[in-house]
Amino acid sequence: GLMSNEIVYRFSIRPPWYKTIWFIILMALIIVFVIYSFIRYRVRKLENDKMILQKKVDEQTAEILKKNIALTGQKNEILEKNAAMEKTNLELTETNSEKDKFFSILAHDLRGPFGAILGLTQEMVDELPNLNKEEISEIVKMIQSSATSLFRLLENLLNWARMKQGQIPF
């Protein structure tokens with residue numbers, strides 16, 4: 001039973017370094033910095049991608065504009081050719097109409113002399129025994145006149161055809 005004087009030693013037990021406030025603050029700052037860096041990286045990457053896409057869009061837009069200009073030129077050429085074809089078609093229609101009218105007039109003009117020749121020759125055939133020399137001579141002169149008229153008409157027609165073909169200068 002002897003008593004001794006008490007000695008008190010005060011000491012404190014510190015928590016491990018990873019449980020300190022400084023470590024937690026440092027970890028929070030590192031996490032914030034990593035998140036900030038990641039966001040910053042993504043923003044830069046998106047801006048880069050946006051610039052690349054914008055360049056592609058600009059290139060494709062320029063290409064489309066060039067093609068559009070080319071197509072517009074082709075469209076104008078087609079419209080001009082179409083107008084020329086319509087004009088040519090109208091001219092051909094008019095020429096065809098003139099040709100039809102010309103053939104109608106020609107047939108009418110040829111029918112007169114041929115009709116006279118046929119009529120006079122038929123009269124000669126029918127009345128030859130009853131006709132005297134003067135009447136035969138008169139009929140032959142009429143036939144000659146009709147044949148001459150017919151010949152002139154055919155010559156004029158041939159000359160007109162040669163002129164249209166460019167064989168005779170106007």
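A residue is called buried when its relative accessible area is under 20%, and exposed when that area is over 50%. The structure before us is a predicted model. By this definition, buried residues account for 6% of the 170 residues in the chain.

Let me begin with the overall form. The chain contains two helices and zero strands. Its C-alpha trace extends over about 200 × 35 × 15 Å along the principal axes. The radius of gyration is 58 Å, whereas a compact globule of 170 residues would have a value near 15 Å.

I turn next to the surface and the charges. The chain has an accessible surface of about 15900 Å², and carbon and sulfur atoms contribute 63% of that surface. There are 23 positive and 21 negative charges, and their mean positions lie 27 Å apart.

What makes up the largest nonpolar core? This core consists of nine residues: Leu-106, Leu-110, Ile-117, Leu-120, Met-124, Leu-131, Ile-139, Ile-143 and Leu-150. Helix α1, residues 21–127, and helix α2, residues 133–164, each provide at least two residues of this core. The greatest share comes from α1, which gives five residues.

We may look at one member of the core in detail. Setting aside residues up to four places away in sequence, Ile-117 touches Ile-143, Ser-146, Ala-147 and Leu-150.

Is Ser-146 buried or exposed? Ser-146 has a relative accessible area of 12%, so this residue counts as buried. Apart from neighbours within four places in sequence, Ser-146 is in contact with Pro-113, Ala-116 and Ile-117.

Among contacts with a separation of 6 or more, 52% join residues 24 or more positions apart.

Finally, let us consider the segment before α1, where Leu-2 is found. Leu-2 counts as exposed because its relative accessibility is 86%. How far apart in space are Leu-2 and Ser-145? From C-alpha to C-alpha, Leu-2 and Ser-145 are separated by 185 Å, and in sequence they are 143 residues apart.

To close, I would recall two points. Thank you for your attention.

Terms used: Residues numbered from 1 in each chain as written. Predicted model: local features only at pLDDT ≥ 70, side-chain atom pairs only at ≥ 80, totals over all residues. Heavy atoms only, no water. Helix = DSSP H or I, 4+ residues; strand = E, 2+ residues; numbered from the N terminus. Rg over C-alpha atoms; globule rule 2.2 N^0.38 Å. Buried < 20%, exposed > 50% of the residue type's maximum accessible area, 1.4 Å probe, protein only. Contact = heavy atoms within 4.5 Å. Areas by Shrake-Rupley, 256 points an atom, 1.4 Å probe, with all protein chains shown as cover. Lys, Arg positive; Asp, Glu negative; His and termini not counted. Charge placed at Lys NZ, Arg CZ, Asp CG, Glu CD. Core = buried A, V, L, I, M, F, W, Y, C linked by side-chain atoms within 4.5 Å.
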